[in-house]
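The structure is shown next, and the text follows it.

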Amino acid sequence: MSTLPVFATPSTVTPGLDAAWVARTVEVALDEDLGPAPGRDVTSQATIPPSDTGAAELVAREDGVIAGLVVVGEVLDQVATRLDLPRPNVTFHAQDGDAVTAGQVLATLEGRTLVLLVAERTLLNLASRASGVATVTRAFAGELAGTGAQVLDTRKTTPGLRALQKYAVRAGGGTNKRMGLYDVAMVKDNHVVAAGSVAAAVRAVRERFPDVPVQVEADTTAQALEALASGADFLLLDNMDPDRLAETVAAVREREGHDGVPAHVLLEATGNLTLDKARKVAGTGVDFLSVGALTHSAGILDLALDLRPGTQAR
């Protein structure tokens, strides 16, 4: 792989992470580990002279898809600032979205040893978790290849890390749905109960927030058609078995382009979707499969920061 410039943002993922969000998130993570700024690492600061220099390698311990390298520079920068030491240099040998193999060196970090070791856990926590999400997402994206369906994430994310986890989904080849409660309306059963009907709920959203798309959840074919007649832009077909899902998709497609129904209605399958079911579900003709497990159940990808032997004092 090509080597990227020092502190370049190693991301081919669009859109990238917001720099201000990264800075805030890293600050909170470092406060957790070191205590309020500037904080302290009592072990490293007791055993490593500030003048010592060294090099470390960020290494993949297992095969997977990497994500989160984009935060490495910010972690090192903030740690160096807290310790009043020079910022280490970083040379990346991989970029977010790359498939990596066990033993592969992802980045080389060179500078003050104290900065490297104080930054180690925060750097690994963020990149390992993001890479775990990207790895699971890539498996789903691969399973769906050629079907025309895409894998979507959900709002089932780790509080405070939603932007990173949804970024990791993009790095893995998945698609983001709504980022939060503010950008897409999703009318679910409780909203229908509160409003009195699907039509009333959709109408209320249109009147109050005319700028947002409206999705309606349906558990049956009849509910899906009711939602379509109510003016929904997007249908969420929840917990339907493949046969029922195929029937519902066919019923919706028959109505496309007639009586005010769009020429193509976006259809999303959801509910206990696992990798072994994904391709069969995609074969029903849905546009998307939403999988909460991409973010709420993904493990980490095992990464390590290995300090090269032979640090030297200045």
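Is Leu-289 buried or exposed? Leu-289 is buried, because its relative accessible area is 1%; buried means under 20% relative accessible area, exposed over 50%, and partly exposed in between, with a 1.4 Å probe and protein chains only. The model is predicted, so local features need pLDDT of at least 70 and side-chain atom pairs count only at pLDDT 80 or more, while totals for chains, interfaces and linings use all residues. Residues are numbered from 1 along each chain as its sequence is written, and side-chain values use heavy atoms, with hydrogens and water left out.

**Overall build**

The protein chain has 11 helices and 12 strands. Helices (H or I, at least four residues) and strands (E, at least two) are DSSP runs, numbered from the N terminus. The C-alpha atoms fill a box of roughly 75 × 40 × 30 Å along the principal axes. Of the 314 residues, 50% count as buried. Among contacts (heavy atoms within 4.5 Å) with a separation of 6 or more, 75% are between residues 24 or more positions apart.

The record gives "Quinolinate phosphoribosyl transferase N-terminal" for residues 41-131. That span is 41% helix and 26% strand, and its end C-alpha atoms are 26 Å apart. For residues 133-306 the record gives "Quinolinate phosphoribosyl transferase C-terminal". Here the chain is 43% helix and 16% strand, with 23 Å between the end C-alpha atoms.

**The nonpolar core**

A nonpolar core is a set of buried Ala, Val, Leu, Ile, Met, Phe, Trp, Tyr and Cys residues joined through side-chain atoms within 4.5 Å. The largest one has 89 residues, and Leu-58, Val-216, Leu-235, Leu-237, Leu-289 and Leu-303 touch the most other members. Helix H4 (residues 113-144) supplies the largest share of this core, 14 residues.

Leu-289 is placed in strand S11 (residues 288-290). Beyond its neighbours within four places in sequence, the contacts of Leu-289 include Leu-144, Val-151, Leu-273 and Val-281. Ser-51 is 238 residues away along the chain, and its C-alpha atom is separated from that of Leu-289 by 53 Å.

**Helices H7 and H8**

In helix H7 (residues 198-208), the buried residues include Val-198, Ala-201 and Val-205. Their cover includes strand S7 (185-187), helix H6 (189-195), strand S8 (214-218) and H8. Thr-221 is in helix H8 (residues 221-229) and is buried, with a relative accessible area of 19%.

**Backbone details**

| Bond | Omega |
|---|---|
| Thr-14 to Pro-15, cis | about -10 degrees |
| Ala-37 to Pro-38, cis | near 5 degrees |

Pro-15 is in the segment before helix H1 (19-34), and Pro-38 lies in the loop between H1 and helix H2 (42-47).

Asn-239 has a positive phi, near 55 degrees, in a residue other than glycine. Asn-239 is in the loop between strand S9 (234-238) and helix H9 (242-255), and is exposed, with a relative accessible area of 54%. Phi of Asn-272 is also positive, near 55 degrees. Asn-272 lies in the loop between strand S10 (266-270) and helix H10 (275-282), and is exposed at 58% relative accessible area.

Methods: UniProt positions are given in the numbering used here, feature names are shortened, and annotations may be inferred rather than shown by experiment.
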